[in-house]
Amino acid sequence: MKKGLILVNAYCETNSNLNQSKRLKEELELLCVSVDIQKNDSFSASINSSGDIVYSNLNYDFCVYLDKDKYLSNMLQSKPIRLFNSHNAIQVCDDKMLTHIALANKNIPMPKTLAGLLCYTLGSTVKEDTLDKIEKELGYPLVVKNSFGSLGEQVVLVNNRQELKEISQKLIFKPHIFQEYIKESSGVDIRVIVVGKKPIVGMKRVSKVDFRSNIELGGVGEKYEIDNSLASLCTKVSEILNLDYCGIDILVSNNGYMVCEVNSNAFFGGIEAVTGVNVAKVYAEYIYKQIYGV
Ligand SMILES: Nc1ncnc2c1ncn2[C@@H]1O[C@H](COP(=O)(O)OP(=O)(O)O)[C@@H](O)[C@H]1O
Ligand SMILES: [Mg+2]
């Protein structure tokens, strides 16, 4: 009997999250794979008092890891169970700075990006001198992002020194990045879903109310025909990051496409509704082929 596991985060119970596991389960079951959905709070991997990783309830052919909990994925990778996506890919995509570093030196266009300084000293204040350097490098407006944010919620446009100072202080103990603002792309980006290194479908997102085009913040999606240069950029990104599945956000600059971020667990509900493409089916078929062949 063919058996697969879908692993989800115990705290993520929004409709978009629930839809993701439900749809994928449906499509895998159409391929005659029986699927269980498990939350990370089933502690299916842990370390015992002999210092070994032990597993429970993991008698499956594969695991679709719809979570981003890097500790569990790390422990699971030492059990011979194929993870979609791999632990490494999930970890790198979860952290926006790690994503930019992984894509650097590989001829992938990206906005100029500075890593926010990691601070380990309680009570610290951001130095004026540091702000001088950020300001000089990026000018205003500039973009600040929490490295682990999603849905646009932790992406901010900073217009002047005072705002820069405030946000930098607020984020001093959180990993964050400073980034060049691609103003031509204000309120516009392209989300491309890639399965097994192949771009499957594109959606242009346009917001009239915000520089962030996320649907959750008022962006409106429409189908976008993926041209050759976008296709080869997205394939290359997913190859470098070794992703089975992802959603890549692309900015449209005066010099062409630029990678904004890569989501290893991109929701497909919205893009399916806008484009009519059955992304869950494509992903389920890809998984099936990887595990069982043909
Ligand atoms: N450097 C930038 N220049 C212009 N717009 C940006 C830039 N970075 C992000 N955006 C806009 O903000 C949105 C959210 O940023 P993103 O990095 O994708 O974070 P999130 O993970 O929260 O979606 C993007 O979809 C894009 O519309
Ligand atoms: Mg995004």
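**Metal site, helix packing and backbone geometry**

N242 is placed in the loop between α7 (228–240) and β14, where helices (H or I, at least four residues) and strands (E, at least two) are DSSP runs numbered from the N terminus. The model is predicted, with local features requiring pLDDT of at least 70 and side-chain atom pairs counted only at pLDDT 80 or more, while totals for chains, interfaces and linings use all residues. Residues are numbered from 1 along each chain as its sequence is written, chains are lettered from A and ligands numbered from 1 in the order in which they are written, and side-chain values use heavy atoms, leaving out hydrogens and water.

N242 is a residue other than glycine with a positive phi, near 55°. At 46% relative accessibility, N242 is partly exposed; buried means under 20% relative accessible area, exposed over 50%, and partly exposed in between (1.4 Å probe, protein chains only). A positive phi, about 45°, also occurs at F43, which is not a glycine. F43 lies in the loop between β2 (34–39) and β3 (45–47) and is exposed, at a relative accessible area of 60%.

Most residues other than glycine have a negative phi, and most peptide bonds are trans. A cis peptide bond is found between F84 and N85, with omega about -5°; N85 belongs to the loop between β6 (82–84) and α3 (87–94). The bond from Y140 to P141 is likewise cis, with omega near -10°, and P141 sits in the loop between α5 and β8 (142–146).

The magnesium ion (ligand 2) is coordinated by D249 (OD) and E261 (OE) at 2.0 to 2.1 Å. Donors are N, O and S atoms within 2.8 Å of the metal (3.2 Å for Na, K and Ca); water is not among the atoms, so sites may look incomplete. D249 is buried at 2% relative accessibility, and E261 is buried at 12%.

Helices α5 (residues 128–138) and α6 (residues 161–170) pack at an angle of about 120°, their axes 11 Å apart. Axes are lines fitted to C-alpha atoms, for helices over the stretch in contact, and angles run from 0 to 180 degrees between N-to-C directions. This makes α5 oblique to α6; angles under 35 degrees count as roughly parallel, over 145 as roughly antiparallel, 65 to 115 as roughly perpendicular and the rest as oblique. In the contact (heavy atoms within 4.5 Å), E128, L131, D132, I134 and E135 of α5 meet R161, L164, K165 and S168 of α6.
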